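Below is a short report on selected strands and helices. Please read it alongside the coordinates.

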Amino acid sequence: MSKIATLEIDGKKYEFPITTGTENESAIDIKALRASTGGVTTIDPGYKNTGSCESAITFLNGEEGILRYRGYAIEELAEKADFLEVAYLLIFGELPTKEQLDKFHTDIKAQSHVDEDVKKIIDGFPKSAHPMGVLSSLTSALVAFNPSSVNVDSEEDMYNAIVRILGKFPVLTAWAYRKRVGLPLDYGDDNLGYVENFLKMMFKKPSGDYTTNKVVVDALDKLLILHADHEQNCSTSTVRMVGSSHAGLFVSISAGIAALWGPLHGGANQAVIEMLEGIKEDGGDTKKYMAKAKDKQDPFRLMGFGHRVYKNFDPRAKIIKKSADEVLGDLGVDDPVLDIAKGLEKEALEDSYFVDRKLYPNVDFYSGIIYRAMGIPVEMFTPMFALGRLPGWIAQWREMRLRKEPIGRPRQVYIGENLRSFKKIDNR
Ligand code: SDX
């Protein structure tokens, strides 16, 4: 028997069904609220208590630190799967057979060519342009070169748009980096794996070969898996919102890139390293910065700490922290900011301000330390997050379109002026 929620307003009772998901999450279904109450709506800034959709892609339990993609535990996928396999799983709902995965990769490689005229757009950017701004612009510009990626009313059109963006996005990401460092823009090698090829496109020097480092490939592959989806986070909700107007996949993802750029979201991985570097330059006094983080008068926040949903350890942070030790050890890198990060974490976990507010390291706290050890510059950290999140954005956008979700259009509570008459300028 389905559960009911009863609301009483001005002595009148209203009943609303409670919907329950496959992991026993409950939500009050308020689709009929405004009509049945004569206009009453809800208000919930930041949607801290509001579900925007039903989704079968990712499940996370913030209290228990659980994250699963299509029912598979993130710990298992990070250990046993590769990124393209996880991308297929998120988008199409099942782990691929070898044949399916090979075809998926072949189709993606066939779409990895980016029109040479896109290089003219890149040339218009100053070298100092942040790669996230370049990426968002280029992803949006792709529509001009691939107009058919907008009408995705057939599964075939949708599939073609999906492999197209999965093929071109790593190229654009590598090009955004190479533009910044003044290297020629080129392609990688179709004989390489998806992640290996991306690294070659990023780091191949014009005058020499690129030697693959398996430690780096495996570590980046794992990081991309860990970033691949995270249910209705800010950037994914943006992708769904833009797509709900039936705007195309590419521009919806372009909007998601813009949302991810913010330092409270994906931009935090860059902000964490800049924070740790600042603490190091300031003598490594972590206690001073812990005090600043707790001081309400001080705008300083402990970047990489806290999460809207996780009120326990972010399971991704645990895996990344372990991987940081392994990768830096394998690469023989001794990065003092890793010790500063561990020191901050230890102090925070013993400090009532953080413990009471359930503030733990999140996915961004340690990831930058690994990226840096791989030779990836700090301004490319958030583009790495976007490269990882791309399959999740695609999966969520596809689900929203296949479920024929309505256009997103929240209500509001108006708190402005009541009706008033126009005054001539001489009377104001
Ligand atoms: C990502 O949603 C996702 O799933 C995102 C993500 C994904 O995979 O897509 O997981 C990726 O965005 C991770 C988060 C990266 N951002 C940061 O690391 C930036 C630092 N963290 C915060 O700004 C904050 O924790 C948020 C934005 C992540 C969450 O903010 P909330 O949920 O709106 O919480 P809040 O700001 O209301 O904070 C609650 C309390 C406040 O104190 P009080 O008013 O109760 O006294 O905790 C304090 C905050 O001041 N607080 C912090 C803090 N984070 C929260 N205090 C110091 N340092 C921090 N980092």
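Thr20 has Ser26 in β3 as its bridge partner. The model is a predicted one. Strand β2, residues 12–20, pairs with β3 over 3 bridges in the antiparallel sense.

These strands belong to an open sheet of 3 strands, ordered β1-β2-β3, with antiparallel pairing. At its edges lie β1 (4–9) and β3 (26–28), each of which pairs on one side only. On average, neighbouring strands of this sheet are turned by 30° against each other, direction ignored. In general, strands of a sheet pair through backbone hydrogen bonds, either parallel or antiparallel.

A second pairing joins β4 and β5. The two strands run antiparallel, with 4 bridges between them. Leu60 stands opposite Leu67 in β5. The hairpin has 4 residues between its strands, and Gly65 takes a positive phi near 65° there.

| Strand pair | Sense | Bridges |
|---|---|---|
| β2 (residues 12–20) and β3 | antiparallel | 3 bridges |
| β4 and β5 (residues 66–69) | antiparallel | 4 bridges |

Which residues of β4 (residues 58–61) lie on each side? Thr58 and Leu60 are on one side, Phe59 and Asn61 on the other. All four of these residues are buried, and both faces of β4 are covered. In a regular strand, side chains alternate between the two faces of the sheet.

Now to the helices. Why is α17 (residues 364–373) described as largely enclosed by the rest of the structure? Of its 10 residues, 9 are buried, so the rest of the structure largely encloses this helix. Among the buried residues of α17 are Asp364, Phe365, Tyr366, Tyr371 and Ala373. Ser367, Gly368, Ile369 and Ile370 are buried as well. The cover over the buried residues of α17 includes α9 (214–226), α12 (268–281) and α14 (315–331). It also includes α15 (336–349) and α18 (381–402). After α17 comes Gly375, with a positive phi near 90°.

Helix α9 holds Leu220. Is Leu220 buried or exposed? Its relative accessibility is 0%, so Leu220 counts as buried; the cut-off for buried is under 20%. Setting aside residues up to four places away in sequence, Leu220 touches Val195, Phe198, Leu199, Tyr371, Met374 and Met384. One of these, Tyr371, is a buried residue of α17. Val195 lies 25 residues from Leu220 along the chain, and their C-alpha atoms are separated by 7.3 Å.

Key. Residues are numbered from 1 along each chain as its sequence is written. This is a predicted model: local features need pLDDT of at least 70, side-chain atom pairs count only at pLDDT 80 or more; totals for chains, interfaces and linings use all residues. Side-chain values use heavy atoms; hydrogens and water are left out. Two strands pair if DSSP finds at least two bridges between them. Axes are lines fitted to C-alpha atoms, for helices over the stretch in contact, and angles run from 0 to 180 degrees between N-to-C directions. Buried means under 20% relative accessible area, exposed over 50%, partly exposed in between (1.4 Å probe, protein chains only). Contact means heavy atoms within 4.5 Å.
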